[in-house]
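Here is a short walk through one protein structure. Keep the sequence and the 3D view at hand as you read.

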Amino acid sequence: MEIKIKEVASVFKAPAPHMVGDGFRVHNFFPSGYEINMSPFFLMDYGSKIEFSARKEPRGVGVHPHRGFETVTIAYHGAVAHHDSSGNSGVIYPGDVQWMTAASGILHKEYHEQNYSLQGGPFQMVQLWVNLPAKFKMTKPKYQAIKQLDMANFNLPENGGKIEIIAGNYQHIQGNASTFTPIELYNARLNKGGKANFNFPANFNTGFMVIKGSIIVNSKETITADNFIYFKNEGTEINIEAPENSVVLILSGEPINEPIVQYGPFLMNTEAEINEAISDYNQGRFGYIEE
């Protein structure tokens, strides 16, 4: 059977950064940076590597609501603490992933972890917004905290590195996170000379974010750090090779073919549902959390 390569459609440079609160400098690749369809991934904020100075009062972003989607925070450098109106809290350290299903609605705040803030240092993270199908948008909020030590992984041959499977299935190894729609989400941590192959359905929206180093894609293009590779919705096979030690975030998922209406931190299907979210928030139905 002939193998059909999933070719690169575009390579996108990091858009101009902006601040979220005073603790997160991010490049929004989509939806505002580039008009691409990455459903079920609605948004990707990439915090390229930056040095934060030491500070006694932690930087961050204050209390804000979410409804209708999930946030996935993937840490590479730095540490983020969080609290929400359901009483959940925790710290996301380098290599960890926090998968938060906001769904019917919560209040949330995120800020630099105290010890990291006191010391300062490098900071690099990705946050994704993963859309939920209409039938799941009002389910109960939940968390999946995935520590790097506990993360499912596959060791590549010839000391090529490893694939950390956050969600989905790679080489018959199931990722830690449960998802509402088919999603493949991995960290490929490649040693110099390491190679990895991926197979995704042709209709899955697929993109690779080069976090560190560089990779050669399909034996053709060399893509360096801080660039996003967007693939065509045809073909199934992608192969990469690392000329140097590299880290790549792999995203692929089955699109959710439903209308989307976004208003700030609300991601719903209709204007009426947005108005309901605003009303519920104003009436305190998302709970309470101190600033």
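Is Asn131 buried or exposed? Asn131 is buried, because its relative accessible area is 4%, and buried means under 20%. The model is a predicted one.

Find Asn131 in strand β11, which covers residues 121-131. Its side chain has a partner. A polar contact of 2.7 Å links the side chain of Asn131 with that of Lys137. Other neighbours come from elsewhere in the sequence. Leaving aside residues up to four places away, Asn131 touches Pro40, Gly68, Phe69, Lys137, Ile256, Ile260 and Leu267.

Now turn to charge. Side chains of opposite charge can pair when their charged atoms come close. How many salt bridges does the structure hold? The structure holds 7 salt bridges. Three of these pairs follow.

Start with Lys147 and Asp96. They form a salt bridge, and their closest N and O atoms are 3.4 Å apart. Lys147 sits in the loop between β12 (142-146) and β13 (152-155), and Asp96 sits in the loop between β8 (89-92) and β9 (97-101), so this pair ties together parts that are 51 residues apart in sequence. How accessible are the two partners? Lys147 counts as partly exposed, because its relative accessibility is 34%. Asp96 is buried, with a relative accessible area of 6%.

Next, look at Glu164 and Lys162. This salt bridge has its closest N and O atoms 3.6 Å apart. Glu164 counts as buried, since its relative accessibility is 1%. Lys162 is partly exposed, at 27% relative accessible area.

Asp280 is buried at 7% relative accessibility. Arg285 is exposed, with a relative accessible area of 57%. This pair belongs to a network: salt bridges with shared partners join Arg67, Asp280 and Arg285.

Rolling a probe the size of a water molecule over the atoms shows where empty space is left. How much space lies in the largest pocket? The largest pocket holds about 370 Å³. It is lined by 20 residues, and those closest to its centre are Val20, Phe24, Asp45, Glu110 and Gln127.

Which strands supply this lining? β3 (24-30), β4 (41-52), β5 (60-66) and β11 each give at least two residues to the lining of the largest pocket. Here β11 is back: the largest share of this lining, 5 residues, comes from β11. Sorted by class, the lining of the largest pocket has 11 nonpolar, 6 polar and 3 charged residues.

The second largest pocket has a volume of about 160 Å³. Its lining consists of Lys49, Ala75, Tyr76, His77, Pro94, Gly95, Gln124, Gln148, Arg189, Ile211, Lys212 and Val247. Which strand gives the most to the lining of the second largest pocket? That strand is β6, with 3 residues. Both β6 (69-77) and β19 (205-212) supply at least two residues to the lining of the second largest pocket. By class, the lining of the second largest pocket divides into 5 nonpolar, 4 polar and 3 charged residues.

Go back once more to the starting point. Asn131 is buried, and Asn131 lies in strand β11. Strand β11 also supplies 5 residues to the lining of the largest pocket.

Definitions and conventions. Residues numbered from 1 in each chain as written. Predicted model: local features only at pLDDT ≥ 70, side-chain atom pairs only at ≥ 80, totals over all residues. Heavy atoms only, no water. Helix = DSSP H or I, 4+ residues; strand = E, 2+ residues; numbered from the N terminus. Buried < 20%, exposed > 50% of the residue type's maximum accessible area, 1.4 Å probe, protein only. Polar contact = N/O pair within 3.5 Å; in protein donor to acceptor, adjacent residues only side chain to side chain. Contact = heavy atoms within 4.5 Å. Salt bridge = Lys/Arg side-chain N within 4 Å of Asp/Glu carboxyl O. 1 Å grid on protein atoms, 1.4 Å probe; cavity = no way out; pocket = protein on both sides within 12 Å on 5 of 7 lines; lining within 4 Å. Points joined across faces, edges and corners; volume = space filled by probe spheres on them. Nonpolar A, V, L, I, M, F, W, Y, C, P; charged D, E, K, R; others polar.
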